[in-house]
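Take a moment with the sequence and the 3D view. Then follow the text from strand to strand and on to the helices.

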Amino acid sequence: AIHKEQNPICCRKIIRILFQFWILCVCVCVCVCVCVPGQISGAIEVEQKFLFGPSTIEKLTNLGAILESCASFRDSYYDVPDWCLTRADHWLRDREGLGWELKCPLVVGAVGSDTPCAAETDNHLSAPVLQPPRDTRSSDTVSQYQEVTCPQNIVTRLCGLLDRDPGQNWSCCVNKAVEELGLQVFASFVTTRHKYRMGDLHVDLDEVDFGYTVGEVEAMVQRLEDIPETLEKIQKFCKQLGLEEKTAIPGKMSVFLHRFRPAHYKALIGAGVVRKVMNTTEEQEWESLMEPQPGQNECQGSEDCPNVNL
């Protein structure tokens, strides 16, 4: 009788232990699949920006490019008040519907090293710093960034740049890290994007809600050695579109900062993050693109300009 009464209790204990073990296994599997310490979590983005007009869509169609989507979304960018992240060319973005992403310079090194953009190694040293192969023919017009999306690796990098230790309760939570690290929104705008695909190349035609349009041809690669070949593909495709960009085209963020965050913009120029590569004539044409359109609000040097929804 005693044996029969104890059996249900033993069974419940066994079931409880098995259930806890199953939960542990699931958590471990999720962590391994989503974010493996010691490995770079983000792909490498190689892109070239260009200014487009009404004929661009016709040229894309004639070349066989396929329109994949047309969508609008809001991007919000975060930094500390002294702009430590963006002065180190690190761009923390929260995209509506997709979540957090950290764009950083394409440098592979070790966490906590002198290199601002380090390999995500969960605080363990990695191999010596490796610089990506460079193509001097395109250094002024093509940008190369690593896109980090793993929450743990985003927090690790942020803490490394800001010289902070990640808290136990937010080491894998970007939302909590943003709050604890004192990050604030410095830019927020809505982009309407037409996305085309041409083989393994993607073409984005963007129009932002403060009156600026810019296109980009981009490709994603996983290995540094694939970059030169990808650059050649992008440049060849741009020539087919009739684009011969000899200087860097300002992106959406550069134009936004120039118009609405002039002090921040000047700080980035001083840090070498934003480059002026135009001659006098080209700079005058570029500045005309950067100026607000009639009827738009402009922050006259004030850093109190709200994040616009223009």
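Is E216 buried or exposed? E216 counts as buried, at 8% relative accessibility. Buried means under 20% relative accessible area, exposed means over 50%, and partly exposed is in between, with a 1.4 Å probe and protein chains only.

A word on the source comes next. This is a predicted model, in which local features need pLDDT of at least 70 and side-chain atom pairs count only at pLDDT 80 or more, while totals for chains, interfaces and linings use all residues. Residues are numbered from 1 along each chain as its sequence is written, and side-chain values use heavy atoms, with hydrogens and water left out.

Back to E216. This residue is found in strand 8. Helices (H or I, at least four residues) and strands (E, at least two) are DSSP runs, numbered from the N terminus. Leaving aside neighbours within four places in sequence, E216 is in contact with E47, Q48, K49, F50, H202, V203 and D204. Contact means heavy atoms within 4.5 Å.

Now look at the sheet. Eight strands form a closed barrel in the order 1-5-4-3-2-6-7-8, with antiparallel pairing. On average, neighbouring strands of this sheet are turned by 35° against each other, direction ignored. The axes behind such angles are lines fitted to C-alpha atoms, for helices over the stretch in contact, and angles run from 0 to 180 degrees between N-to-C directions. Strands of a sheet pair through backbone hydrogen bonds, either parallel or antiparallel. Two strands count as paired if DSSP finds at least two bridges between them.

Walk along some of these pairs. Strand 1 and strand 5 are antiparallel, with five bridges. Here I44 stands opposite Q146 in strand 5. Four bridges join strand 4 to strand 5, again in the antiparallel sense. In that pair, C104 has Q146 of strand 5 as its bridge partner. Six of the seven residues of strand 5 are buried, so the strand is largely enclosed by the rest of the structure.

Strand 3 and strand 4 run antiparallel and are joined by five bridges. D94 has W100 of strand 4 as its bridge partner. The two strands form a hairpin with three residues between them, and G97 in the turn has a positive phi of about 90°. On another side, strand 2 (residues 66–79) pairs with strand 3 over four bridges, antiparallel as well. D75 stands opposite R95 in strand 3. Four of the five residues of strand 3 are buried, so strand 3 is largely enclosed by the rest of the structure.

Strand 7 (residues 201–208) and strand 8 (residues 212–221) share seven bridges in the antiparallel sense.

Consider two of its members. V217 touches V46, E47, Q48, F50, L201, H202, V203, I234, F237 and C238, not counting residues up to four places away in sequence. I227 has its place in helix 6. It is buried, with a relative accessible area of 0%. The C-alpha atoms of I227 and Q144 are separated by 8.8 Å, although the residues are 83 apart along the chain.

Next comes helix 4 (residues 151–162), which has 12 residues. From first C-alpha to last it reaches 16 Å, close to the 16 Å expected at 1.5 Å a residue. The expected span is 1.5 Å times one less than the number of residues. Of the 12 residues, 10 are buried, so helix 4 is largely enclosed by the rest of the structure. Its cover includes helix 3 (84–87), strand 3 (91–95), strand 4 (99–105), strand 5 (142–148) and helix 5 (174–181). D163 follows helix 4 and has a positive phi, near 55°.
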